[in-house]
Amino acid sequence: MTKYIIKRILIAIPVLIGITIIDYAIMCLAGSPLEMLKGPRVSEAAVEAKKIAMGLDKPFYIQYFVWLGQLLHGNMGYSVKSYQPVAEMIRSHLGPTLLLMGVSLIVSLILAVPAGIYSAIHQYSKGDYAVVTASFLGSSIPGFFLSLLLIYIFTIKLKLLPSSGMITLGTNGGAADVAKHMVMPVIVLATSMAGSNIRYIRSAVLEILQQDYLRTARAKGIGRFRVIYKHALRNALVPIVTVIGMEIPMLFGGAVIIEQVFSWPGLGLMTMSAIIGRDYPVIMGVCLLSAVVVLIANLVTDILYALVDPTISLN
Amino acid sequence: MKKEKEKNLTEHGMPGKDITSESYLQTVFRRFKKHKLGMVSLVVFIVLGLAALFAPVLAPYDPNEIAGSFSGAPCREFLLGTDQIGRDVLSRLLYAMRISLLVGIMATLISTVIGVVLGLVAGYFGGAADMVIMRFTDMVMSFPYILLVLVAAAIFKPGLWSIILILGFVDWPGIARLVRGNVLNLRETNFIKGNLVAGMSLKHILFSEILPNTVAPILVYATSVLALSMLDEAALSFLGMGVQPPTASLGNMLNGAESLTVLTKQPWLWVPPGLLIVILVMAINFIGDALRDAVDPNSK
């Protein structure tokens, strides 16, 4: 087991280095930061001086290592627009996003796990068809369209829920207020995730139900209830762990658009305004952070997977 | 088809029951038909696809010409009303579907070709090639997909072809992994080993023996890529970073709904394109699901 974990970590290291290279390459592709500086009142000499000060006169690979060294010290550069340190900006926007993502993930699992298991146990029944159809609808509806529909129904027609921000302006917020603001974004994010999760869990449980050990359990005559709840569900934990791992990149992506629609003051909203304003240091900081988070999530999933299913680490 | 049925009738006395002599495609189609939602979706998709293809014939007005009053409600003259500057919504919708399908299909083709080639190379040759390709795949997969697309859209000038290329070049890792896995399995089968012993050329083994045997799962996967790229095109165009006006796409037609008057008082401007995306993507997903059942060698 330890050997397997070490092997997974060793594989992750070149990927991590590769991620930083891709990230840096995109930043270079996006253009020189000096272009933002140029203007009628800035002399050539000043630009040249800045170029040397920023180390842009050095070759490409040296610049990369300088950047990497800064990164290891926690310095992700400065925003071109607000001159704030990128690391600081990310830190201050991370909270709302994690809150939104965490709640959405939990809600989607609460929806998907029972629905997927129910659907698999009652395969080809009317309930199964209903669940599968609903799951296809969930993964086929664009998040922003569902958001517009929800805003139309709950904000405009019923006047029940606020459609933007995290707290009501002019108030201190409080848990109830934040919760009220979270309802719609969470519904949208959880719907799209639950859609694909239900089908994934359903097919995983279907596979488990056909295993020999379940046939043995049934043959022992211990009853349908105990077969399913004691023998099958414990093994269904494996696909559920995988689902959570697969969710992380989806959550990050989904948050960018949904935060934009609902003006949720998180990382997604910050990223979107950075993208529109071409604030590359901020964009690259977010890209790098999310890629690293995804990489770690995959690593943890792999290790958890091996813990629940010991045969994997032997291959 | 009919002739064959008659032949079966004479030989076995039972109409259409003989499945021993049917071709692979016939088998697939016979199984596909069992999936009712898949069949309905196929019909819906073909009808919508034809409507998109023949948009220039079907559209009552020029999609980019001002034809009526501003933001007119649906009436007999304009079945789905007119938009903020008086263009016919129905005509724009037909053309938008054309553009959205074009983006989805082209992006899927590009990513499938890239994924298949990389997957074949990685799976068949193994060793260093496999290592490099798969680690690169891991790297691309680590970046949240939509973020990568958004960043690319910010760097390159937004437009129809840049969005196709961006989606195509970001979407391949899933297919590459799938193909690699299949090739690894196939490489161990006796018929491929037989080919090696018989001294067949590498080109022959890769493209005439291995590829045809992995086409079915690729096709199934490609339907989900098509569904995803259409959703992404819609999201990007909605954010104003995809297909640029005046060209209509299903996503940028929804863009207007960001204004409160459109959202509250002119639902004919944003509900139809939104519903059309849902219907198209759902149909594609169901077709993919039916196809998965139909090509599964373990099903009856």
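**Close-up views of a two-chain predicted model**

**View 1. Polar contacts between the chains.** Chain A and chain B share 1 residue pair in polar contact, with both residues at pLDDT 80 or more. A polar contact is a pair of N or O atoms within 3.5 Å; within protein, one must be able to donate a hydrogen and the other to accept it, and residues adjacent in sequence count only if both atoms are side-chain atoms. This is a predicted model: local features need pLDDT of at least 70, side-chain atom pairs count only at pLDDT 80 or more, and totals for chains, interfaces and linings use all residues. Residues are numbered from 1 along each chain as its sequence is written, and side-chain values use heavy atoms, without hydrogens and water.

**View 2. The side of chain A that touches chain B.** In contact (heavy atoms within 4.5 Å) are 45 residues of chain A and 39 residues of chain B.

**View 3. Helix α7 of chain B.** Helices here are DSSP runs (H or I, at least four residues), numbered from the N terminus. Buried means under 20% relative accessible area (1.4 Å probe, protein chains only). Among the buried residues are Ile146(B), Leu150(B) and Ile155(B).

**View 4. Chain A.** The secondary structure comes to 12 helices and 0 strands. Of the 315 residues of chain A, 45% count as buried.

Note on methods: Chains are lettered from A and ligands numbered from 1 in the order in which they are written. Buried means under 20% relative accessible area, exposed over 50%, partly exposed in between (1.4 Å probe, protein chains only). Helices (H or I, at least four residues) and strands (E, at least two) are DSSP runs, numbered from the N terminus.
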